[in-house]
Amino acid sequence: MSDILTHIDAGVMTITFNRLDKKNSITSTMYAAMADAVEQARTDASVKVVVFQGHETIFSAGNDIGDFLNQPPSTQESPVFRFLRGIATLEKIVLAAVAGPAVGIGTTMLFHCDLVYAGDNAVFSMPFVNLGLCPEAASSLLAPRMFGYHRAAEALLLGEPFFAEAAQEVGLVNRVVPPTEVNGYAQAQARKLAAKPLSSLIETKRLMKGSYQQEVLQKMDEEGQSFGRMLREPAAKEAFGAFMEKRKPDFSKL
Ligand code: COA
C-alpha cells in the first residue's frame with residue numbers, strides 16, 4: 001500500500017500518512033504525492049476541505065533522514081518545497097488531526113492549516129538547530145508571530161518538544177481530544193465546513209491570510225536556500241550521521 005493515502009468523500013479530501021514502520025517520516029516520493037494531492041484539491045470542484053492525518057500513535061517523524069541525505073532538496077521545484085508552497089497558497093480549507101509526535105515539518109506544516117486538532121498524546125517539536133539546520137515552512141516568521149518571540153525562540157533555538165496543552169495555549173491547536181478520537185473529530189469538523197458555501201469559505205480565508213501570503217512565500221524561499229546549504233555542512237552531516245548510527249551528535253568542535 002502507498003505511504004500516502006488520498007481519499008475524497010463528501011467534499012473532504014483526506015491525506016493520510018501511512019508509513020507507520022518508519023514513524024510516518026516523509027520521503028521525497030511522499031512529498032511529491034502530497035504536493036500532487038494538494039494541486040488536485042485546488043482544481044477539483046468536488047473538494048472543499050483537505051484533512052491531513054496520521055495514526056493515533058504518531059503524526060509524523062518529519063523528513064525521512066536517510067532519504068534527505070541521499071536526495072537533498074536542491075531546487076525550489078523539489079517535492080518538499082512544492083508541497084509547502086502548495087499548502088501555503090491553497091485557497092480551500094486545510095485541517096490537521098495530530099496524535100503522538102509531530103516532528104519538524106510534522107509541526108511546521110500546521111502553521112499552514114486553518115484548524116488543528118490534537119490528541120492529548122501529541123508532542124510537537126521543531127528540532128532544526130539540533131540537526132545543524134534552520135527552520136523551514138516559514139516557521140521562522142509564523143512561530144514568533146503566533147507564539148510570541150520568546151516562546152518561539154524556546155521552540156526553535158532549544159528545539160525542545162512541547163505538548164498538546166501548550167500547543168493549544170499558544171494557538172497552534174484548536175482543541176485537544178483523546179488520541180483515538182482525533183481523526184474522527186477532525187473529519188466531523190471537516191464535514192461541517194464542507195456543508196458551507198465554498199465561495200464564502202474561500203473569501204473568508206483570503207481576507208484573513210491573503211495580506212501576508214507573499215511574505216510567507218518569501219520567507220520560505222529564504223529559509224529553503226539556507227536549509228539546502230546547511231544540509232551539506234558539517235553540523236548537519238554530524239547530526240544525521242549520529243541519527244543513522246543511533247548515537248548522540250557531537251557539536252563540540254562546530
Ligand atoms: N527518518 C527516517 N527514519 C526514521 C525517522 C526519520 N525522521 N524517524 C524514525 N525513523 C525510523 C527509525 O530509524 C526506526 O527505524 P528501524 O526500525 O529500521 O530502526 C523506526 O523509524 C522507529 O523509530 P524509533 O526511533 O525506534 O521510534 P520511537 O517511537 O522510539 O521514536 C520518534 C519516535 C519520532 C520520537 C523518533 O523516531 C525520532 O525522534 N525520529 C527522528 C525525528 C527527526 O529528527 N526528524 C527530522 C526532522 S527534520
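Q: What is the strand order in the open sheet of three strands?
A: The order is 5-7-8, and the pairing is mixed. Strands are DSSP runs of E with at least two residues, helices are runs of H or I with at least four, and both are numbered from the N terminus. Two strands pair if DSSP finds at least two bridges between them.

Q: Which strands stand at the edges?
A: Strand 5 (101-103) and strand 8 (162-163) do. Each has a single partner strand, so one side of each is left without a neighbour in the sheet.

Q: Before we go on, where do these values come from?
A: This is a predicted model: local features need pLDDT of at least 70, side-chain atom pairs count only at pLDDT 80 or more, and totals for chains, interfaces and linings use all residues. Residues are numbered from 1 along each chain as its sequence is written, and side-chain values use heavy atoms, leaving out hydrogens and water.

Q: Back to the sheet. In which sense do strand 7 and strand 8 pair?
A: Antiparallel, over two bridges. Strand 7 covers residues 123-125. Phe124 sits opposite Phe162 of strand 8.

Q: How many bridges join strand 1 to strand 2?
A: Six. Strand 1 (residues 4-9) and strand 2 (residues 12-17) run antiparallel. His7 has Thr14 in strand 2 as its bridge partner.

Q: What about the hairpin they form?
A: Two residues lie between the strands, and Ala10 there takes a positive phi near 50°.

Q: Which phi does Lys23 have?
A: Near 55°, a positive value in a residue other than glycine. Lys23 is in the loop between strand 2 and helix 1 (28-43).

Q: Lys246 next. Is it buried or exposed?
A: Exposed, at 77% relative accessibility. Buried means under 20% relative accessible area, exposed over 50%, and partly exposed in between, with a 1.4 Å probe and protein chains only. Lys23 has 49%, so Lys23 is partly exposed.

Q: New topic. At what angle do helix 5 and helix 6 pack?
A: About 135°, with their axes 6 Å apart. Helix 5 is residues 139-147 and helix 6 is residues 149-158. Axes are lines fitted to C-alpha atoms, for helices over the stretch in contact, and angles run from 0 to 180 degrees between N-to-C directions.

Q: What makes the contact?
A: Helix 5 brings residues including Ala143 and Phe147, and helix 6 brings residues including Tyr149 and Leu156. Contact means heavy atoms within 4.5 Å.
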